Amino acid sequence: QITALKTGERRFTELLDRYGRDEVLGAIRVIMDHSEAAARARTRSIPDGVYEAESFMDDDGLEIGKRVPIKVRVIKKGDEMTIDLSEVGKQVRGFYNSGPSTGYGCAQVAYKCLTSATDYPINDGSLRPLKVKLSEGTVVTAVRPAAMRTWMTIPMTVVDTIFKAMEKAVPHRTQAAHFADLVSGRVAGVNPKDGRFFIGGAGGGPMGGGFGATMNEDGVSATVCRNDGDTHNGPCEQTEAKFPVLIETHALRQDSGGAGRQRGGLGTEKRVKALVPLSFFSQTERVQCPPWGLAGGLPGAGNGIHLHVGGKTIDDLPNGKVNRRLEAGEAITMFAGGGGGFGSPRERDPERVAVDVKQGYVSLQAAKRDYCVALNADGSVDAEGTRRLRQSAAA
């Protein structure tokens with residue numbers, strides 16, 4: 001970071017020496033003014049009104065089952081937009097809090113997605129039409145002594161909820177909810193082979209999950225969450241070489257993408273077996289609040305953790321916050337959720353559903369239940385059977 005700053009300083013000074021201070025600063029002002037004008041024009045294309053939506057987080061890890069509400073309000077008038085996050089849930093005792101800069105950041109990311117395209121640069125000028133309303137002491141404006149270890153989790157759901165609020169106003173610019181979590185478990189212990197302490201990602205870092213569908217496209221699958229798009233996951237083999245674990249499964253989750261005219265992206269699952277006694281930790285969220293669909297689309301599967309201990313599978317944990325000792329041979333499965341669907345599933349082209357089934361993305365049961373699509377034994381679409389299913393569902 002220091003090298004980057006020094007390099008930026010040197011090159012900016014070179015620009016000043018080459019063109020002159022007034023010319024360089026003038027050019028910067030022109031670029032930002034151009035971005036502002038474009039952003040205001042895009043904002044004017046959104047119908048005036050007050051738009052609201054609400055979602056929630058599972059809990060803070062201490063008060064189990066006590067939901068954290070995420071309520072947003074968007075006020076659009078003329079060429080300006082106000083995003084009001086003052087009624088987001090109060091800061092919590094657990095470490096799922098973030099500071100005011102994150103509150104502003106949530107609003108800026110959402111506004112950028114709702115108004116910007118590739119035809120102008122994104123800079124401070126493009127954010128001038130945006131006003132952000134915050135109140136002190138919420139999970140995105142926490143004050144001391146609130147703990148903020150997992151500050152990056154809640155903002156992703158705030159952004160998704162802003163899209164949810166704007167679905168009726170500008171459906172073509174919104175997106176159904178995504179899995180919104182790192183789903184990154186950790187393991188720690190002492191390796192009996194060398195007596196050394198180890199700690200690290202249980203499955204190679206953040207897991208990929210499903211993004212929400214848009215009006216025109218299916219959601220992407222197995223992709224790192226919105227907050228950490230610059231974070232890479234690691235190969236299973238690399239994890240196994242560094243830690244005494246065996247990754248038995250790393251796969252897409254069938255039926256995890258929310259059904260819709262456009263299908264939500266698929267999440268992934270990863271089963272990790274302990275080869276020595278170790279401790280497993282997880283801070284996973286959005287287990288009880290699965291990624292919702294828009295415009296009649298169905299929700300995707302939520303995130304989750306299953307424990308395989310003592311010869312049994314524990315699959316009914318109240319949340320994804322786990323601190324568990326595993327013996328050699330025991331295992332955990334981490335599930336990254338899918339994305340929500342967009343539009344009614346009964347409007348999806350049956351041929352696309354057939355391809356999804358062939359690829360293993362959608363099961364035969366879900367094709368019939370959610371999409372009302374009947375398939376022949378060879379996987380082709382049963383046109384008459386599909387017509388009857390959809391006609392019956394519509395009735």
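The radius of gyration here is taken over C-alpha atoms, and the globule rule is 2.2 Å times the number of residues to the power 0.38. For 395 residues that rule puts a compact globule near 21 Å, and the protein chain comes in at 24 Å, which agrees. This is a predicted model: local features need pLDDT of at least 70, side-chain atom pairs count only at pLDDT 80 or more, and totals for chains, interfaces and linings use all residues. Residues are numbered from 1 along each chain as its sequence is written, and side-chain values use heavy atoms, with hydrogens and water left out.

Here are some whole-chain values.

| Property of the protein chain | Value |
|---|---|
| Buried share (under 20% relative accessible area) of the 395 residues | 50% |
| Accessible area (Shrake-Rupley, 1.4 Å probe) | about 19000 Å² |

As for secondary structure, the protein chain has eight helices (DSSP runs of H or I, at least four residues) and 13 strands (E, at least two). Of the contacts (heavy atoms within 4.5 Å) with a separation of 6 or more, 73% join residues 24 or more positions apart.

Now zoom in on Phe 95, in the loop between strand S3 (80-84) and helix H3 (100-115). Phe 95 has a relative accessible area of 29%, so it counts as partly exposed, the class between 20% and 50%. Beyond its neighbours within four places in sequence, Phe 95 is in contact with Asp 60, Ala 147, Met 148, Arg 149, Thr 150, Trp 151 and Gln 283. Leu 62 is 33 residues from Phe 95 in sequence, with 9.4 Å between their C-alpha atoms.

Terms used: Buried < 20%, exposed > 50% of the residue type's maximum accessible area, 1.4 Å probe, protein only.
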